[in-house]
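Please read each point with the structure in view.

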Amino acid sequence: MGSRNVNGVVTLVCITCGKELYFTHDVPAAATCTQCAGTVFRTFSTPTEPDEAAIDALEVQARSMAYGDSSPETTRGDVRDLDLL
Ligand SMILES: [Zn+2]
(Lines give C-alpha, C1' and ligand atoms only; values in the text may rest on other atoms or scores of the structure.)
Protein backbone atom coordinates (compact mmCIF):
# COMPACT_ATOMS: atom_id res chain seq x y z
CA MET A 1 0.00 0.00 0.00
CA GLY A 2 1.66 3.17 -1.14
CA SER A 3 -1.10 5.58 -0.23
CA ARG A 4 -0.40 8.30 2.27
CA ASN A 5 -3.18 8.20 4.80
CA VAL A 6 -3.51 9.40 8.33
CA ASN A 7 -1.70 7.01 10.62
CA GLY A 8 -3.98 4.94 12.77
CA VAL A 9 -7.50 5.98 13.60
CA VAL A 10 -8.74 9.53 13.82
CA THR A 11 -11.67 10.02 16.13
CA LEU A 12 -13.99 12.97 15.84
CA VAL A 13 -16.09 13.52 18.93
CA CYS A 14 -19.20 15.62 18.42
CA ILE A 15 -19.14 18.51 20.84
CA THR A 16 -22.93 18.68 20.84
CA CYS A 17 -23.89 15.10 21.62
CA GLY A 18 -20.62 13.25 22.17
CA LYS A 19 -21.11 10.93 19.23
CA GLU A 20 -17.80 9.45 18.11
CA LEU A 21 -17.00 9.14 14.43
CA TYR A 22 -14.01 7.08 13.41
CA PHE A 23 -11.90 7.63 10.33
CA THR A 24 -9.10 5.35 9.31
CA HIS A 25 -8.25 7.24 6.14
CA ASP A 26 -8.38 10.91 5.28
CA VAL A 27 -10.47 12.92 7.67
CA PRO A 28 -13.10 15.00 5.87
CA ALA A 29 -12.55 18.72 6.22
CA ALA A 30 -16.15 19.15 7.23
CA ALA A 31 -17.83 16.22 8.92
CA THR A 32 -21.43 16.08 9.99
CA CYS A 33 -22.55 14.20 13.08
CA THR A 34 -24.69 11.22 12.14
CA GLN A 35 -26.67 11.61 15.33
CA CYS A 36 -27.41 15.32 15.75
CA ALA A 37 -26.11 16.76 12.46
CA GLY A 38 -23.65 18.88 14.40
CA THR A 39 -20.55 20.04 12.62
CA VAL A 40 -18.22 20.88 15.49
CA PHE A 41 -15.95 18.09 16.59
CA ARG A 42 -12.95 17.52 18.74
CA THR A 43 -10.30 15.54 16.94
CA PHE A 44 -8.24 12.75 18.42
CA SER A 45 -5.74 10.71 16.49
CA THR A 46 -4.81 7.26 17.70
CA PRO A 47 -1.90 5.59 15.96
CA THR A 48 -3.07 2.00 16.31
CA GLU A 49 -1.53 0.57 13.18
CA PRO A 50 2.18 1.25 13.03
CA ASP A 51 3.32 2.14 9.57
CA GLU A 52 6.86 1.85 8.27
CA ALA A 53 7.95 5.13 9.81
CA ALA A 54 6.64 4.12 13.22
CA ILE A 55 8.31 0.73 12.97
CA ASP A 56 11.53 2.44 11.93
CA ALA A 57 11.33 4.70 14.95
CA LEU A 58 10.79 1.74 17.25
CA GLU A 59 13.73 -0.09 15.72
CA VAL A 60 15.96 2.92 16.14
CA GLN A 61 14.92 3.18 19.78
CA ALA A 62 15.55 -0.51 20.36
CA ARG A 63 18.90 -0.25 18.66
CA SER A 64 19.99 2.73 20.70
CA MET A 65 18.92 0.91 23.86
CA ALA A 66 21.00 -2.10 22.89
CA TYR A 67 23.85 0.24 22.07
CA GLY A 68 23.46 1.79 25.52
CA ASP A 69 23.79 -1.66 27.09
CA SER A 70 27.17 -2.24 25.52
CA SER A 71 28.31 1.32 25.95
CA PRO A 72 30.87 0.64 28.75
CA GLU A 73 32.88 -1.48 26.35
CA THR A 74 32.46 0.95 23.49
CA THR A 75 33.38 3.89 25.65
CA ARG A 76 36.54 2.14 26.82
CA GLY A 77 37.52 1.54 23.19
CA ASP A 78 36.85 5.16 22.35
CA VAL A 79 39.00 6.33 25.22
CA ARG A 80 41.80 4.02 24.16
CA ASP A 81 41.58 5.40 20.62
CA LEU A 82 41.84 8.91 21.97
CA ASP A 83 44.90 7.92 24.00
CA LEU A 84 46.61 6.52 20.94
CA LEU A 85 46.00 9.77 19.10
ZN1 LIG B 1 -23.69 15.03 17.47
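This is a predicted model: local features need pLDDT of at least 70, side-chain atom pairs count only at pLDDT 80 or more; totals for chains, interfaces and linings use all residues.

In which sense do strand S1 and strand S3 pair, and over how many bridges?

1. Strand S1 (residues 9-14) and strand S3 (residues 41-46) pair in the antiparallel sense, over six bridges. Within this pairing, Val 9 stands opposite Thr 46 of S3. Strands here are DSSP runs of E with at least two residues, numbered from the N terminus, and two strands pair if DSSP finds at least two bridges between them. In general, strands of a sheet pair through backbone hydrogen bonds, either parallel or antiparallel.

2. Residues are numbered from 1 along each chain as its sequence is written.

3. S1 is also joined to strand S2 (residues 20-23), by four bridges, and these two strands run antiparallel. Leu 12 stands opposite Leu 21 in S2, Val 10 has Phe 23 as its bridge partner, and Thr 11 has Tyr 22. S1 and S2 form a hairpin with five residues between them. In the turn, Gly 18 has a positive phi of about 85°.

4. The three strands form an open sheet in the order S2-S1-S3, with antiparallel pairing. S2 and S3 stand at the edges, each with a single partner strand, so one side of each is left without a neighbour in the sheet. From one strand to the next, the twist averages 20° (axes are lines fitted to C-alpha atoms, and angles run from 0 to 180 degrees between N-to-C directions).

5. Not counting residues up to four places away in sequence, Thr 11 touches Glu 20, Tyr 22, Phe 44 and Thr 46 (contact means C-beta atoms, placed from the backbone, within 7 Å). The C-alpha atoms of Thr 11 and Phe 23 are separated by 6.3 Å, although these residues lie twelve residues apart along the chain.

Definitions and conventions
Two residues are in contact if their C-beta atoms, placed from the backbone, lie within 7 Å.
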